[in-house]
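Please read the report below alongside the sequence and the 3D view. It is written for someone meeting this structure for the first time.

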Amino acid sequence: MIQVKLFFIVAIVLLSALTSGAQKFSAGLSAGIVASQVDGDHLSGFNKVGIKAGGFVNRKITENFYLRMEIDFIQKGSRMPLSKDGIFYLMRLNYIEVPVTVGYHLGKKWSLDAGGSFATLVSTLEEDQVGEITNAPPFNRNDYLVCAGITYQLTDHLFFNALYSYSVSTIRPKNEAYDYFYSSVGQYNKVIAFSLSYQF
């Protein structure tokens, strides 16, 4: 809990720094869906669907470049649908995440975004066809990611964004004693997020 409070304090300080100089910044809200998977769980495919919602601040740097910071609640994880053999697996990871990206306007409508992200884990759930898995190794509290995407301006205030992100450190380190849907190289989040943003 202390770590989550500290996380919010740092995020608010960063937001305050971005918004100094009101003529250069804009803010808004965003929400969307997330397709995710976990590298290192012996599964494949973006089968875990979740949601993403939060707020953002954009700060203009030059005519073509801008800095964007978000504070989001985001659901990640992994999922194997129920098979004909009755096998099922679900990993649900809920994070509070702060992506910071640099954007470049390609024209009036399109822009490219790239940067990094820090996330802190709020809650987890793992279950299979038997029920909740309680003997699995714990997840790391923090997730560090790189991200890149594209934004399209739909109207004066509405934007569509697609963003890909990948963990640069393990979300759960290798554990050779535990090999249930689990690789000895460790596990990493891989996420594609689609969102709509409304800029005030």
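The report covers the overall build, the strands, the nonpolar residues and the charged pairs.

## Basis of the report

This is a predicted model, in which local features need pLDDT of at least 70 and side-chain atom pairs count only at pLDDT 80 or more, while totals for chains, interfaces and linings use all residues. Residues are numbered from 1 along each chain as its sequence is written, and side-chain values use heavy atoms, with hydrogens and water left out.

## Overall build

The chain holds 1 helix and 8 strands (DSSP runs numbered from the N terminus, H or I of at least four residues for helices and E of at least two for strands), and their order from the N terminus is α-β-β-β-β-β-β-β-β. Of its 200 residues, 42% count as buried (buried means under 20% relative accessible area, exposed over 50% and partly exposed in between, with a 1.4 Å probe and protein chains only).

Among the contacts in the chain with a separation of 6 or more, 64% come from residues 24 or more positions apart, where contact means heavy atoms within 4.5 Å.

Val57 has Met69 in S3 as its bridge partner. S3 also pairs with S4 in the antiparallel sense, over 14 bridges, and Ser78 stands opposite Met91 in S4. Because 12 of the 16 residues of S3 are buried, this strand is largely enclosed by the rest of the structure.

Gly54 lies in strand S2, which spans residues 48-60. Leaving aside neighbours within four places in sequence, Gly54 is in contact with Leu29, Ser30, Ile71 and Asp72; the C-alpha atoms of Gly54 and Leu29 are separated by 5.9 Å, although the two residues are 25 residues apart along the chain.

## Nonpolar core and surface patch

The largest nonpolar core has 16 residues, and those with the most contacts inside it are Tyr89, Met91, Leu93, Tyr95, Phe139 and Ile171 (a core is a set of buried Ala, Val, Leu, Ile, Met, Phe, Trp, Tyr and Cys residues joined through side-chain atoms within 4.5 Å). S4 gives the most to this core, with 4 residues. Not counting residues up to four places away in sequence, Phe139 touches residues including Met91, Leu93 and Ile171.

On the surface, Ile61, Phe65, Val102, Tyr104, Leu106, Trp110, Leu112 and Ile150 form a nonpolar patch with about 710 Å² of accessible area together (patch residues have over 30% relative accessible area and no salt bridge, with like charges joined within 9 Å and nonpolar side chains, namely Val, Leu, Ile, Met, Phe, Trp and Tyr, within 5 Å; areas follow the Shrake-Rupley method with a 1.4 Å probe, and for residues only the protein chains shown count as cover). S4 and S5 are the elements that give two or more residues to the patch.

## Salt bridges

The whole structure contains 8 salt bridges (a side-chain nitrogen of Lys or Arg within 4 Å of a carboxyl oxygen of Asp or Glu). One of them joins the side chains of Glu70 and Lys52 at 3.7 Å, N to O; Glu70 lies in strand S3 and Lys52 in strand S2, so the pair ties together parts that are 18 residues apart in sequence.

Lys76 meets Glu97 at 2.8 Å, N to O, and also meets Asp143 at 3.5 Å, N to O. Lys76 is buried, as is Asp143, and Glu97 counts as buried because its relative accessibility is 6%.

Notes:
Two strands pair if DSSP finds at least two bridges between them.
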